[in-house]
Amino acid sequence: MAKAKNYSTDFTDGSILPKLVKFAFPVLFALLLQALYGAVDLLVVGRFASSADLSGVSTGSQLMQTVTNIVAAFAMGATVILGQQLGAGKAKDGGKTIGAAVVLFLIIGVALSAVLIIFAPWLAKIMNAPEKAFDMTVSYIRICGGGTVVIVAYNLIGSVFRGIGDSRTPLITVMIACVINIFGDLFNVIVLDLGAAGAAVATVASQAVSVILSILIIRKQTLPFEFDRKYIKFDSSVNKKIFGVGIPIAIQDFLVGLSFLIILAIVNRLGVNASAGTGIAEKVCNFLMLVPSAFMQSMSAFVAQNYGAGKFDRAKKSILYAIILSLSIGVFLSLLTFFKGDLLASVFSDDKDVIAAGYDYLKAYGFDCVLTPVFFCMIGFFNGIGKTKFVMAQGLISAFGVRVPVSYIMSLQKPVSLFKIGLATPCASALQVVMCLVCFYIVCKKEKQKNPDEKTA
């Protein structure tokens, strides 16, 4: 059988913009399809099940999204290390990095599955899941939690592909899985009438298919490094590097996700309609953040290779392209969200009260759409050069210094407004932009002092 085409990319030479865009677009579409996982769950359940089921999926999927984001962020450690190794011409070390990562992430996946299954009722309780939707929320968390090993495997494989400059293969596998998820949702919810539980089963099954396809493709890929079963073993030295880069990123994502879970818990006190509306708004926001998220992931891989190759000026120049492209789309999305947010919310529900609640919350995100493109691209840059401790610090400060306290204070204002509560997010983003710009200036100044004669390739 013929070998599969090698889609890995060398980011250290050639024009920056074409390579960055060519890599970012498959990442964007893959993220779009991933966002459809949870969105399809909400869409099908919102149309063909009860408001309680919708609230259960809303709360449960928000928790699982947080878990997924943490895993993906930690896997970024493998992406950055692998990218830097390839950029520095140390491709032989790539196999050892991936082999050690496989063992490490398998342990993490099993541990997370156990925690989510056992503590599902407690998690639903601390998130203030509405009484009518409590059982549905627990069911959704337990089923998706049982598939956490699959989630971990998918994100690790994706990080490997991105580290070698291949963003097409993950797109192909997630595309197939997304189609399976859509049909699974329709069958489980409409035909079998399983509600939130049916949506969870479809999500886990589709991700399992994605992992299997990815493994089959990887076995046929021409990789830029040697990889064999002998490399699949626990390696403390490699794991230390992955932890060093990945843990701060994961903590940052955990803190950001936790802050949004706290906001959801605050909103859940307002009743089922507010809970469902906020859940819908968050799903819409997942789509709004796709472009900056794609550039953040792309920047991490692009910058890692160039930084490893000693081409800091080239890495620095790429961030300008990324911000301009991402921000131009962000302005359009900002206007769309602020003035037509009700139309976006109506995609997931036909309940007028739920739509009104979702639109009220979404208006605040209109402001965030012009802030996120800037600091997301810069976070990708900092990840790529290994400055992940700063990424963690800015996430901690913005989440618990601004987002959580502002949302709580706004929830006490009478009359209660989801728009005011939602304003906590752009307030936090504004602070993140300032912190990232300051750090970027300091990093560039230090690199200039280290390499005063470097020229952009």
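Contact here means heavy atoms within 4.5 Å. Helices are DSSP runs of H or I with at least four residues, numbered from the N terminus. What you see is a predicted model, in which local features need pLDDT of at least 70 and side-chain atom pairs count only at pLDDT 80 or more, while totals for chains, interfaces and linings use all residues. Residues are numbered from 1 along each chain as its sequence is written, and side-chain values use heavy atoms, leaving out hydrogens and water.

Let's start with a pair of helices. Helix α11 (residues 290-308) packs on helix α14 (residues 372-384) with the axes 7 Å apart and an angle of about 30 degrees. That makes the two roughly parallel, a label for angles under 35 degrees. Their residues in contact include Phe295, Met299 and Tyr307 from α11, and Phe376, Ile379 and Phe381 from α14. By class, this contact has 12 nonpolar, six polar and no charged residues; Ala, Val, Leu, Ile, Met, Phe, Trp, Tyr, Cys and Pro count as nonpolar, Asp, Glu, Lys and Arg as charged, and the others, Gly among them, as polar.

A cavity is a set of points on a 1 Å grid over the protein atoms alone where a 1.4 Å probe fits but cannot get out, and its lining residues have an atom within 4 Å of a point. The second largest cavity has a volume of about 30 Å³. Pro292 and Pro373 are among its lining residues, and both also belong to the α11–α14 contact. Helix α12 (312-345) gives the largest share of this lining, four residues.

Key
Axes fitted to C-alpha atoms, helices over the stretch in contact; angles between N-to-C directions. Parallel < 35°, antiparallel > 145°, perpendicular 65-115°, else oblique. 1 Å grid on protein atoms, 1.4 Å probe; cavity = no way out; pocket = protein on both sides within 12 Å on 5 of 7 lines; lining within 4 Å. Points joined across faces, edges and corners; volume = space filled by probe spheres on them.
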